[in-house]
Amino acid sequence: MGLIGEKWKVLIIRDLLTGTKRFGELRKSVTGITQKVLTNNLRQMEASDLVKRKVYAEVPPRVEYSLTETGHSLKPILDSMVKWGNEYRIKQK
């Protein structure tokens with residue numbers, strides 16, 4: 001939980017499970033996150049080997065983020081959380 005326990009990290013992983021994304025794409029898809037918070041979360045996740053960052057030597061610079069093998073290994077856990085949440089919501093009705 002220490003690696004993904006923060007609200008934003010789960011959402012970032014959710015979006016990267018569908019494939020490589022640029023910073024701007026992540027910022028748009030993770031509604032409500034600030035640029036600073038997204039940057040900090042991506043750096044922490046990169047340091048934890050959940051996300052890899054690829055920088056292209058272009059002008060303007062292009063940076064892409066994708067999940068590492070370790071990051072992809074979280075998919076079953078996130079799927080279980082979604083399933084539990086859906087079942088919980090149904091019980092609350």
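Trainee: Which helix gives the most to the lining of the largest pocket?
Mentor: α5, with four residues. This is a predicted model: local features need pLDDT of at least 70, side-chain atom pairs count only at pLDDT 80 or more, and totals for chains, interfaces and linings use all residues. Numbering starts from 1 along each chain as its sequence is written, and side-chain values use heavy atoms, leaving out hydrogens and water.
Trainee: What counts as a pocket?
Mentor: An open set of points on a 1 Å grid over the protein atoms alone, where a 1.4 Å probe fits, with protein on both sides within 12 Å along at least five of seven lines; lining residues have an atom within 4 Å of a point.
Trainee: Which residues line the largest one?
Mentor: Val10, Leu11, Arg14, Leu17, Leu78, Asp79, Met81 and Val82. α1 (7-16) and α5 (75-92) each supply at least two. Helices are DSSP runs of H or I, at least four residues; strands are E, at least two.
Trainee: New topic. Which residues of α1 are buried?
Mentor: Trp8, Lys9, Ile12, Ile13, Asp15 and Leu16. Buried means under 20% relative accessible area (1.4 Å probe, protein chains only). They sit on the same side of α1, because they cover an arc of only 165 degrees around the axis. The arc takes directions from the helix axis to the C-beta atoms.
Trainee: And the strands? How many bridges join β2 to β3?
Mentor: Six, between residues 51-56 and residues 62-67, running antiparallel. Pairing takes at least two DSSP bridges. The two strands form a hairpin with five residues between them.
Trainee: What stands opposite Lys52?
Mentor: Ser66, in β3.

Technical notes. Buried < 20%, exposed > 50% of the residue type's maximum accessible area, 1.4 Å probe, protein only.
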